[in-house]
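Here are some quick notes from going through the model. Have it open as you read.

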Amino acid sequence: MTTIEVEAVSRWFGNVVAVNDVTMRIGPGVTGLLGPNGAGKSTLLNMVGGFLPPSTGTVALDGRPTWRDEQIYRGVGLVPEREGMYEALSGAELVLANARLHGLPDARGAARRAIDAVEMSAAADRPLSTYSKGMKQRIKMATALVHDPAVLLLDEPFNGMDPRQRMQLMDLLSQLGEQGRTVLFSSHILEEVEQIAGSIQVMVAGRHAASGDFREIRRLMTERPHQYVVRSSDDRALAAAVIAGGSAFGVELRADPAGGGALHVQAADVGRFSHALPVLAAQHGVRLFEVAPEDESLESVFAYLVER
Amino acid sequence: MGPGAVIARLTVSGLLGRRRAAVLVVLPLVLLVLAGVFRAVGGQDLRTAVLLLSTLGLGTVVPLLCVVVGTGVVGPEIEDGSILYLLSKPLRRSLIVLSKLAVAVATSWALLVPSVLVAGVLLVGTAQRLAVAYALAAAVAAVAYCALFLLLAVLTRNAVVIGLLYALIWETTIAGVVPGARVLSVRQWAYAVAEAVAGDEAVRQGVDSDVGLTTSIVLLALVTGLASTYAVRRLRALRLGGQE
């Protein structure tokens, strides 16, 4: 059982602040590090993995700082996002090489068990250069698991995987978490994270925006006011009806640069608004041309979380 | 198989892949072909042999081949990120650097020593000790060059370009012409070894170093030791994570 301790950590590159005063403790089980691209997830994972010194603050595993201490790797497995992996070797050779680099007494046995765990036995003897992205990802997992580490760090492990491969990897990570390992993986996709992560740490623009289990994160995301763009045959009449109906905090009529106009609605309750709008339109003889959520991108959701 | 041997094996698999292997074979071949041509045209001539082995052999083929090998044992792994499989292990960084240096030195010896030896024999036959002298000089120069270029690859992503510029501008040109610069040239230190082995006749024909043998050996050892030590230090603090 190992705890990852990130204490008041910042990391900057020149004038760019990649990680800004982040403090978090990550215990056994699966934790998802969620955030849009460029949020500082990889930088944080690199610091946890001992490949980058924090500019300020400390990153430690059970109190032991990770930077410049190669002995931490006895208990840490890393699955990098990058693909570089000695392509002339076969999958089995790479995993065996990793077992030997760890100085394991039964390197062959450990390599075989790790390959079995990621279900790559059938293709293990093929050269890595012939592997699909998902197969490479699984062999990377096997190299990280070969020494039975207490901590597993994975950078965007689901990138480029097809749904079946994704399911397999999710099952494997869940099992590893249930075994009491501390599994930390980064992702920019909420659905990936909430399926397997018992706990979620949200990062946005280098800052630690939120943390908790997926229900808390979901609640934070769904409770926020939703913006809709509505185009209709009579925006003015519809605006009055929506406000009178009470399902929106505010409406705004904006002219379109392309000509025409649109109604921007700040809905109080998504479910109520989406039921009320067609009814109100019908009652007032207004035809709806378009109803679209304005800010459903992940970035805007994260941005909302940070502003809180 | 111990960790050192595994590192060496992974290094070899990266080094001998693709275009690099072709470049490695071409350089010694150029030396051999030219030696063959000179032999066919001019017969065995000591002065020609010294000129060819000094300028083309020690002055050009040795540093260029060592640029390719020395940077090739670590540069591509840093470039594609696969070095992470070595760095994420509880291994002393000195073991990683020394294993890679051993591969670089063994590879450059395997390619340089026989080709310089054969070129020397083609040019002057076996009566003179010239072939052995230059082969030995190439061997000691290769150790220092490999250590220097390995360090360069740990320090910068542009190691090959900088290494080539260093080899061509400093070792081949400036250190061959400017007297003061010769003292700080791996090529001159290697000459001192060749000079000591070659015998009086070869020395009269121009196998002549500006630096004494003892000084040269000390400097070669010092450069190799310092470059390797610094490479270990830098590898310990190698930052894989850049900006996102």
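Predicted model: local features only at pLDDT ≥ 70, side-chain atom pairs only at ≥ 80, totals over all residues.

1. How many bridges join β12(A) to strand β13 of chain A? Seven, with β13 covering residues 261-267 and the two strands running antiparallel. In this pair, A:Ala255 sits opposite A:Gly261 of β13(A).

2. Residues are numbered from 1 along each chain as its sequence is written, while chains are lettered from A and ligands numbered from 1 in the order in which they are written.

3. Back to the sheet: it is open, with four strands of chain A in the order β12-β13-β11-β14 and antiparallel pairing (at least two DSSP bridges make a pair). β12 (248-255) and β14 (288-293) of chain A have a single partner strand each, so one side of each lacks a neighbour in the sheet.

4. Two helices of chain A go with these strands. Helix α8 (235-245) lies across β11 (226-232), β12 and β13 of chain A, and α9 (270-283) packs on the sheet, touching β11, β12, β13 and β14 of chain A. Contact means C-beta atoms, placed from the backbone, within 7 Å.

5. Chain B is another story to look at: it has twelve helices and zero strands. Its C-alpha atoms fill a box of roughly 60 × 35 × 35 Å along the principal axes.

How values were computed. Axes fitted to C-alpha atoms, helices over the stretch in contact; angles between N-to-C directions.
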